Amino acid sequence: MRTSAALALLGAAVAASLLARHTASVAAIALVLFLVCLRAPRGRRWPYLIGTAVSSLALFVVTPFVETLGSHPVWTGPIVPVLGQLDVTHEELASALFQALRLAAVGLAFAAYALTVDHDRLVGAAAVARRSVLGVALATRLVPTLERDAAGLVESLRGRGVAVEGLRRRASLVSPLLAGSLERGLNLAEAMEARGYGRPSRTRIPSAPWRAIDRAAILVALALVVVGATWL
Amino acid sequence: MAVAQAERLTFAYPDRREPALRDVSLQLEEGEVVLLLGASGSGKSTLVRALAGLVPHFHGGRFEGRVEVGGRDTRSCRPAELAGTVATLFQDPEEQVVFTHVAREVAFGLENVGTPPEAILPRAIRSLTAVGAGHLADRPVAQLSGGELQRVCLASALALDPRLLLLDEPTSQLDPEAADDLLELAAELGSTVVVSEQRPERVLDVATRVVFLDAGRVVLDAPVDEARGWLGAHRPDWARKAVPPDPRSGSDVVCRLRHVSYAYRADSLVVDGLTLDLRCGEVAVLVGPNGVGKTTVAKLAAGLLQPAVGSVDLHGRAAMLLQDPGRHVVRERLDAEVALGVGGDLPRARRALASVGLAGHEQRHPRDLSSGERERVALASVLVTEPDLLVLDEPTRGMDPTRKRELAAHLRATAEARATLVVTNDRTFATTVGDRIVNLGESAEQNLVAAAHG
């Protein structure tokens, strides 16, 4: 399938999950996207899946405390300055679940994009805003690159007899990782400039022709958005 | 007409008072293969960048004099506009890769310079085939070894069919055979080639001319035969043949690998049934082609990996210097970085820094150092821990011959206190430092000294 068709499908899934009004519909979209992510190699997919799960769970936990909705309390807590009376209602829990599933669907769509879409073909296919598309493709690579750098850093420290255990020790690696990432970015920018990036007269590898499956994917994407807005 | 020329070029990086290049004048003629030599920090990489137009456009700084490439003044012409006329292969191939698949990566430069669309992929494939990497065209870049990636980056440069090819330490990650192949290929291109190298011995055989930089100045610019004589007289470390050390056999076994196998993926063993003893007082050197499993063996010995089959018995403490240690910088001062492994003992860290020639630099930020200097900091970071087993993976990358000689002398002088395992593709260093060479590409161990003495 063409990269642009795959991207249209993922975009439509995100749009449908944001437009849908029923929790079960959003859950179904999230489930399908989760299954798509499972097609990626186990070693690559876990940072995306864990990141999505943690942020969705955090949203589910926080939402009932910051939202005021419904009149069927499940739990009533103390009065907290500024926030007032803490309570959790059935309606707030339902709303929290809905929002968390929406976030999960969006996160999983991004994960599916990062894990399964061929970024090279995406950049090659971009007829407009090619610089932005390339920027997004390079930024998407940041996650596995940072993961590899982190593993290298931990191994290097172990080689020097320094154990990297516990949250605090691991957190202390964030700053050197970011510094390394900036350095890598500068070196890459230099290499790209030396290879002619930014010249006005650029050409590109001819794209593969549209096939039936690509056209079908675009139709399904359109239908998904319409159904999301009207029925789901 | 000269392909490129520099006239009285003086350049200083921003916020540096001392110029990196001083009054450099140079003319590069069609078809020449110029070997650029000089100690770490002598200005080789800066000169390469000046010829690519990246100095001053990308780096800024103070630029005096004039550089012309293909008849165009680099001050008025951006590096991207010079691409095609010039192509550059940088030191670290990993940091120049834009795309995730090999063929697309090679095609990137061709697209940028406006190659007709239907000619892009055939030229990319032709270039990959020319460097012996045609079979890699459909592979993801992330699955390539360092040597394979270096070939792909060379193919990216060659695909542009440049008049001037700039190679900045192109063989740093290649085994000797692959390095010889790459240099012969570059020399046969017909383009003007400038090769910056720290391992001059193999490039001297293909070069037509040698330029030696010292503190940013050209101190030698001569045909290769004349240059050999000059190097012998004025820079003996750069011309010296490797001399095997007096043989020493170790005493107690510090680390014993017995029938060890290891696989990163279930379907392919990287190490298969290896048996190896590392003894106190002995420097063992591990050599072999790219991808044969040298680094994996080193990590198994150091305890960073556990064998799938077999056993590793380590008596005492191990420390290992990994490849590319410049990337693994944690602290913001050299002494604090080195002291990490000894519980923050700064005096001890400063002594270790002095032992690798970095006394007086304690307060500098590690990321402000050149790649060769970073390697030395990393070396100090493992030496300071005074391990029973010292494992060094490619410790001489980016190091000039003088520093290599000093490192070999240091390792041999302190070898009695521990067992040492060195992984290297650097033949000269292997010969100079090793009591015993273990060739992973061959089934049997060979004792270098015994072999050298017949």
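Predicted model: local features only at pLDDT ≥ 70, side-chain atom pairs only at ≥ 80, totals over all residues.
Residues are numbered from 1 along each chain as its sequence is written, and chains are lettered from A and ligands numbered from 1 in the order in which they are written.

Let me start with the contact between the chains, where two residues are in contact if their C-beta atoms, placed from the backbone, lie within 7 Å. Chain A brings 36 residues to this contact and chain B brings 49 residues. On the side of chain A that touches chain B, the elements giving two or more residues are helix 5 (119–125), helix 7 (142–159) and helix 9 (174–194); helices here are DSSP runs of H or I with at least four residues, strands are runs of E with at least two, and both are numbered from the N terminus. Helix 9 of chain A gives the most, with twelve residues. By class, that side of chain A has eleven nonpolar, twelve polar and 13 charged residues, where Ala, Val, Leu, Ile, Met, Phe, Trp, Tyr, Cys and Pro count as nonpolar, Asp, Glu, Lys and Arg as charged, and the others, Gly among them, as polar.

Staying in chain A, helix 1 (residues 3–19) and helix 10 (residues 212–230) pack with their axes 8 Å apart and at an angle of about 5°; axes are lines fitted to C-alpha atoms, for helices over the stretch in contact, and angles run from 0 to 180 degrees between N-to-C directions. Helix 1 and helix 10 of chain A are therefore roughly parallel to each other, a term for angles under 35 degrees. Their contact has 17 nonpolar, two polar and one charged residues.

Turning to chain B, six strands form an open sheet in the order 6-7-8-3-9-10, with mixed pairing, and two strands pair if DSSP finds at least two bridges between them. At the edges lie strand 6 (86–89) and strand 10 (217–223) of chain B, each pairing on one side only, and the twist from one strand to the next averages 15°. Within chain B, strand 3 (residues 33–38) and strand 8 (residues 192–196) pair in the parallel sense over four bridges.

Further along chain B, how many residues of strand 17 (residues 419–423) are buried? Five of its five residues are, buried meaning that 20 or more other C-beta atoms, placed from the backbone, lie within 10 Å of a residue's own. In a regular strand the side chains alternate between the two faces of the sheet. Here A419(B), L421(B) and V423(B) point one way, and T420(B) and V422(B) the other way. Strand 17 of chain B pairs in the parallel sense with strand 13 (residues 283–287) over four bridges, and five bridges join strand 17 to strand 16 (residues 389–393), also running parallel.

Finally, consider D149(A), which lies in helix 7 of chain A. D149(A) counts as buried because it has 20 C-beta neighbours inside 10 Å. Leaving aside its neighbours within four places in sequence, D149(A) is in contact with L177(A), G180(A) and R327(B).

Notes
Parallel < 35°, antiparallel > 145°, perpendicular 65-115°, else oblique. Buried ≥ 20, exposed ≤ 12 C-beta atoms within 10 Å, placed from the backbone.
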